Each structure stands twice: as C-alpha cells, then as structure tokens.
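Here are my notes on the model, as numbered points. Please read them with the structure open.

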Amino acid sequence: MLRVFWIGWLFNLKNLTNSLFFVLISVLQPVIFASIAFFMFDRGDRGGGLLYAALGAGLMGIWSSTLFGSGGAIQWMRWQGTLEIAVAAPVRFLWILLPLTISTATIGLYSIVATLFWGRVFFGVPLSFVHPALFALALPVTVVSLGLLGLVLASTFVLYRQASAFSNLLEYPVWLATGLLVPLSLLPGWVEWLSWVLAPTWGMEAVRNAALGGEVWEGLGMCVLLGAVYLVLGSFFMHNFERRARQQATLSLT
Amino acid sequence: MNVVEAVDLRRTYKTTTGTIRRRSLEVEAVRGISFAIAEGELFGLLGPNGAGKTTTIKMLITLLIPTSGEARVLGHDVVEDARWVRERIGYVFGGDRGLYERLSAMDNLRYFAELYGVEPKGQRARIDELLELVGLKGREKERVEGYSRGMRQRLHIARGLLHDPPVVFLDEPTIGVDPVGARELRATIASLTASGKTVLLTTHYMFEADALCDRIAVIANGEIVAQGTPQELKAGVADGSVVEVEVFGVEERSVERLRQLAGVRAVTVEDQEQKQLLIVQTAPGLELTHAILSQLDGASVGRVSSREPTLEDAYVALVTAA
Ligand SMILES: Nc1ncnc2c1ncn2[C@@H]1O[C@H](COP(=O)(O)OP(=O)(O)OP(=O)(O)O)[C@@H](O)[C@H]1O
Ligand SMILES: [Mg+2]
C-alpha cells in the first residue's frame, strides 16, 4: 500500500509539473502574493512582521494549488478518460486519489520557498528561524494535512456537482478564515469555529511559531488530528462516490 | 467451466433533457442478455451502434452496476466481488482517451502496473515484453500527447495486459489502427486465446470477427438476436445468395422499392467514390437479378455479380430483421 502511495505521489507530481499552466500558477502566484502581503504590512517593520506575512502568503499558495488541483481532480480524470481506468483497477480508489491530492499540496510547497526567496531578494525579509528543525517538520505535516483536506474537497465536489461551482469562491474566504492573510484575532467571533476545523489554520500556526517562536506542537497535533478526520470523511465519500457513479453511469460522461 | 456468464442482464440509463422544463428519460440499453463464454474461447459481440455492446462489457468489468440480472466472471459475481474480479480481468476500449497525455508511455505503464498489483520485481521485464508485443519498443520514452491514434491504441492494449489477466475484454481494439497494424493486433489477439486466456471482443469489422471468433452473439436494440459459430451464423443465410450491383446515382426511392420486392431479405448501399454498391440478399432458389435491375429506374448500372453470403451478409440480415 505504501508503495502504491509513493509511486502514485511521484507520478502525479510529475504529471502536474509537466503542466505548464500549473507551474506558471505556482511560480507567479507566490510572487504576487508576496508583494501584496508585504505592501499590506508596515513597511518600516523589517523584522518578524515580514516573515509572518511571507509565510502566510506561502501557505496561501499551498491552499490555492490544493483547492484547484484536488477540487477538479475527478472532473479532470473524467475528461481524460482515466477515471474509468482508475476505478476499474483492483486497488481502492482512495489509494489512487489520495496521492493525487497530496501531490497537489506538495506542488504548493514550492510557493512557500518561492515566496520566501522573493521576500528575501526584494523586501529583505530575514530568513532566520527560531526552531529550524521544527519548521522543517511543520511544513510537510501542513502539506499532508492540506492534501487530506483536498481529498474531502475532491469527494464532495464530485458527489455534489453544485459544490464545485463554489470552488472559486473558496479561495479567499479560506485565506481569511485560517489566518493566512490577517491575524485571526481581527476576525469576528463566529469565524472561529470555521477556523478551528480547517487544517491550514493550525498548519499556519505551527509554521509561524516554528519560525518566529512560540508553541509549535499544538498546531502540529491539530493538523494530525484533523488530517485523520479528513481521511475518514474522504474515504467514506469516495466509497459513496464510486458506488453512485457505477449506478448512475457517470464515470465516462464528459 | 464457464469463465464469463451473463444471466438476463439489463441496464437502463436515466438521462434528463431540457434545461428549463426538465424531463427525465429512460434508455433501455441492454434488455435481458444471457450468454456464457467457456475457458479459452474467443467470443465476439457484434451489433450496430448503440446496440448495447459497450454497456454489456462495462457491466462485466464492474464499471456499471446492472439494473437487474446477474453476471459472473470466473464464478464470482461482478457486483458482490468486484475487487476480486478486477484483479483477474483486463480490458481495452477503442479510442485514444484514458492515458496521461503529459507523461511517457513508460510512465503510464509503470503507474498502471502499480495500480494493477504487478510484482515490483517483475514490472520492468513485463513492461518491456508488452512494449515489444504491441510494437512500441523504442518510443516508450516519448510523451503520449505526441502519439498517433494507433500508437495510443497499442499502448492501451499493453496496459490492459500488464497484470497478465486470464480474462480479457476488448471493445473495438483495432479502431483507428492502420491495416498492417490491425493485422498484427489480430495476431496478438489470436495469441491470447492460444495461451489459454478467455477473450470477449467487439468489433464492427466482420472479417475480423470471422477470422478471430470461436463464437459470436449478434445484439441489436439491447437483445441478442442470434448466437453461434461464424459458420452457424453464415448457414442462416447460406441457402440464399447475394447480388451485388454497381450503380451510379441510385435514388433512395428505388432502394426502398427493392426492399419491398418479394424474395429480397436485405439491401445495403455502400458509397464508393462516384458510384454506389447495392448489396441485395435474396432468398434461395430465386433468380432475382432481372427484377432487381428493373427497379432501378434506368439509373446507369455497372458491374453486376452474384456470390456466396459472407458473415457480413449474415450480420446484415440479422440486424435488419431485428
Ligand atoms: N452514460 C450513458 N448515459 C445515458 N445513455 C447511455 C450512456 N451510455 C450509453 N448510453 C446509451 O445506451 C445505448 C447503448 O450504448 P452502448 O454504448 O452500449 O452501444 P454500443 O453497442 O457499444 O455502440 P457502438 O457500436 O456505437 O460502440 C445507446 O442508446 C446509448 O445512447
Ligand atoms: Mg461501444
């Protein structure tokens, strides 16, 4: 199983990076994000504030690539005609889709690196981390938890076709609700429960605290916990999707 | 033992038409099909467009759940034991979709080998062997987006055989392949049964079915209208004969009149460059050539000949009667 996962991850990563559009998005977007974030912050502040913003911008990139890559994954496979082949394979459909959604999040990892790089070059963001080792751990954990959230997205979007219409609308609100753009304390109280169930919130917390100092383990723990919940939800939805698609003959419609 | 068994299989599709006033429509694609394929047999499923061949295959390969009826592969139910069945079947659809365009044939095959549970150690050798078999050796590193239709079709066949399945479903596997390539593919298909595999094949090429199939079922409008060996099917029309008439600019009216003629079983019109070829199947013991020519309203007539019926003639007679 692990091997199927690993090969699938590599395969999808290769497939995605071969797509010019996708690469363009993840090369250009972070630069734009970085600039916006820096200009929003006090330009006199050359210290932690900038790194804080840069990390937020980087995570925005991960979220965008997960949202678009995972949200449309099944529809893409349907267009390509690979969905039928994937479903007809003896391995469970979950093991085909999960590596895909995680690889879309992994592509987003690039946007953090890119944002930090551009931040360093253009805006003189200091790249010194308080807990480098924890930072190195927090990033992949965040990426995987976002990939798992992508799995839930992929499965809900395909089960409820109307939902995919919202996929574009999900980009900005989630940036807001997870504290990527502005600190959560600035948002109205009711957003809190939403932030709480979204892994990017905790991933952001862990990544920022690892970089700037503060409690890292709480965020990491929540990422793992939420990731597990997403996995259960996602596999349940996937199972439903497969059954329904075989009943309603929607595997090969274009 | 029967390797593939279908018992009164049915499948309806629900579709909706119209955007404002939505009406749901039911299409009965397969209406009670039963057949059995023995081990090592090459079984053909023939029928016109929309007859329900692909639908039948998709039920057998677990991609569609039958509306009613049962199907078993190697004794296991295709709905209850879907995973068990998937491990032991291979399938190939005609056409050029279903591949990862941006990756090479090699990447595609490696990935599918993993999904189909091919032993990691044997993967390389197996992929090599298949590339050789389908004639893609040497081009496996190129991206699929640059492949021609026939090359994609070959890649599909390689994919379908990766895990060396004992049962293989081929839905129009030679579509879009050039004549030489198609001939090679037919040899490959024949070699599958020679090595003990059981094959279900659909095709629109009658000579292909005649050359390859041990047994054939003809399906029309979702029902089996005839079943037997190619010889048996031909025997159904063998007592009659076939008159072929070359005409230049025949009118639909005349063809309709021909169809009404006593003793005429079926008429098909084949368009060839400036002329048409009328293929008229007639009942036995009648000399209809004269009557046929007199129905053509003085359209200019070329070569007229009469011959023994082929599988194609048997097929046409069966399908037009249905
Ligand atoms: N997903 C679907 N939704 C609705 N109707 C469908 C669907 N798939 C097939 N049909 C209908 O079911 C009928 C049988 O189609 P099927 O594809 O099985 O025919 P076929 O014998 O394979 O034809 P062909 O020779 O053209 O491949 C057709 O009327 C077709 O329009
Ligand atoms: Mg078909």
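1. First, a term. Contact, or touching, means heavy atoms within 4.5 Å. By that rule A:Thr142 touches A:Leu59, A:Gly203 and A:Val207, with residues up to four places away in sequence not counted.

2. Ground rules. This is a predicted model: local features need pLDDT of at least 70, side-chain atom pairs count only at pLDDT 80 or more, and totals for chains, interfaces and linings use all residues. Residues are numbered from 1 along each chain as its sequence is written, chains are lettered from A and ligands numbered from 1 in the order in which they are written, and side-chain values use heavy atoms, with hydrogens and water left out.

3. More on A:Thr142. The residue sits in helix H7 of chain A, residues 132-159. Helices (H or I, at least four residues) and strands (E, at least two) are DSSP runs, numbered from the N terminus. Buried means under 20% relative accessible area, exposed over 50%, partly exposed in between (1.4 Å probe, protein chains only). A:Thr142 counts as buried because its relative accessibility is 1%. Its side chain reaches the backbone oxygen of A:Ala138 at 2.7 Å. That is a polar contact: a pair of N or O atoms within 3.5 Å; within protein, one must be able to donate a hydrogen and the other to accept it, and residues adjacent in sequence count only if both atoms are side-chain atoms.

4. Chain B overall. Chain B holds 11 helices and 14 strands. Its C-alpha trace spans about 70 × 50 × 45 Å along the principal axes. Of its 322 residues, 51% are buried. Among contacts in chain B with a separation of 6 or more, 70% join residues 24 or more positions apart.

5. Where does ligand 1 lie? Ligand 1 lies between chains A and B. There are 16 residues around ligand 1, and B:Gly50, B:Lys53, B:Thr54, B:Thr55 and B:His204 come nearest. A residue is near a molecule if one of its heavy atoms lies within 4 Å of it. In chain B, strand S1 (2-17), strand S2 (23-38) and helix H1 (53-60) each supply at least two residues of this shell. The largest share, 3 residues, comes from H1(B).

6. Polar contacts to ligand 1. An N or O atom in the side chain of B:Thr54 is 2.6 Å from an oxygen atom of ligand 1. For the side chain of B:Lys53, the distance to a ligand 1 oxygen atom is 2.7 Å. B:Tyr13 places a polar side-chain atom 3.4 Å from a nitrogen atom of ligand 1. On its own, ligand 1 has 640 Å² of accessible area, and the protein covers 70% of it. Accessible areas come from the Shrake-Rupley method with a 1.4 Å probe; for residues, only the protein chains shown count as cover.

7. Look at B:His163. It is in the loop between helix H5 (149-161) and strand S7 (167-171) of chain B. B:His163 is buried, at 14% relative accessible area. Its side chain reaches the backbone oxygen of B:Ile89 at 2.7 Å. Beyond its neighbours within four places in sequence, B:His163 contacts residues including B:Arg86, B:Tyr116 and B:Val118.

8. Last, B:Val144. Is B:Val144 buried or exposed? B:Val144 counts as buried, because its relative accessibility is 0%. This residue is in the loop between helix H4 (120-134) and H5 of chain B. B:Leu99 is 45 residues away along the chain, yet the two C-alpha atoms are separated by 7.5 Å. B:Val144 also touches B:Leu99, and other contacts include B:Tyr100, B:Asn108 and B:Leu155.
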